Amino acid sequence: YVEQASLGEASTYLKEGDSAVLQMYLDEIFDVDLPAAVELTIAETEPGIQGDRVSGARKPATLETGRVVQVPLFVNPGDRIKVDTRSGEYITRA
């Protein structure tokens with residue numbers, strides 16, 4: 001078990017039961033190696049409007065971990081998406 005605070009921003013990509021490689025010196029975590037992309041569920045976002053397909057238009061969405069990412073208009077609460085852990089950007093629906 002690792003305290004969420006000791007993971008820093010990496011904790012917003014991890015949910016309970018996920019694994020990551022921790023780089024440590026003595027008892028201190030100094031870096032967290034995450035996979036290039038993770039699958040997370042949308043906890044909250046504005047519902048998409050039928051026919052609203054403006055190319056490249058985005059809206060904020062809160063993930064199950066609390067992280068907020070910009071997603072396309074067609075993404076709805078409950079959808080699973082892939083997020084790039086290096087840039088924090090939406091990749092695709094999972």
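Trainee: Which pattern does the protein follow when read along the sequence?

Mentor: The pattern is β-β-β-β-β-β-β, with 0 helices and 7 strands in the protein. Helices (H or I, at least four residues) and strands (E, at least two) are DSSP runs, numbered from the N terminus. The model is predicted: local features need pLDDT of at least 70, side-chain atom pairs count only at pLDDT 80 or more, and totals for chains, interfaces and linings use all residues. Residues are numbered from 1 along each chain as its sequence is written, and side-chain values use heavy atoms, with hydrogens and water left out.

Trainee: Why does Phe-30 count as exposed?

Mentor: Buried means under 20% relative accessible area, exposed over 50%, and partly exposed in between (1.4 Å probe, protein chains only). Phe-30 has 55% relative accessibility and therefore counts as exposed. This residue lies in strand β2 (residues 28-33). Of the 94 residues of the protein, 29% count as buried.

Trainee: What makes the nonpolar surface patch of about 430 Å²?

Mentor: Tyr-25, Leu-26 and Phe-30 make that patch. Patches are made of residues with over 30% relative accessible area and no salt bridge; like charges are joined within 9 Å, nonpolar side chains (Val, Leu, Ile, Met, Phe, Trp, Tyr) within 5 Å. Accessible areas come from the Shrake-Rupley method with a 1.4 Å probe, and for residues only the protein chains shown count as cover. Leu-26 is exposed, with a relative accessible area of 70%.

Trainee: What is the phi of Leu-26, and where does this residue lie?

Mentor: Leu-26 has a positive phi of about 55° although it is not a glycine. Most residues other than glycine have a negative phi. Leu-26 lies in the loop between β1 (21-25) and β2.

Trainee: Why is Gly-48 called partly exposed, and with which residues is it in contact?

Mentor: Gly-48 has 35% relative accessibility and so counts as partly exposed. Its place is the loop between β3 (37-45) and β4 (58-63). Contact means heavy atoms within 4.5 Å. Leaving aside neighbours within four places in sequence, Gly-48 is in contact with Lys-59, Leu-73 and Asn-76.

Trainee: What makes Arg-80 and Glu-64 a salt bridge?

Mentor: A salt bridge is a side-chain nitrogen of Lys or Arg within 4 Å of a carboxyl oxygen of Asp or Glu. The closest N and O atoms of Arg-80 and Glu-64 are 3.8 Å apart, and the pair forms a salt bridge. Arg-80 lies in strand β6 (residues 80-84) and Glu-64 in the loop between β4 and β5 (68-72), so the pair ties together parts that are 16 residues apart in sequence. Glu-39, Glu-64 and Arg-80 are linked in a network of salt bridges.

Trainee: How many salt bridges are there by this rule?

Mentor: The count comes to 6. One of them joins Asp-79 with Arg-93, the closest N and O atoms being 3.6 Å apart. Asp-79 lies in the loop between β5 and β6 and Arg-93 in strand β7 (residues 90-93), so this pair ties together parts that are 14 residues apart in sequence.

Trainee: Are Asp-84 and Arg-86, which form a salt bridge, buried or exposed?

Mentor: Asp-84 has a relative accessible area of 14% and is therefore buried, whereas Arg-86 has 66% relative accessibility and so counts as exposed. The closest N and O atoms of this pair are 3.2 Å apart.
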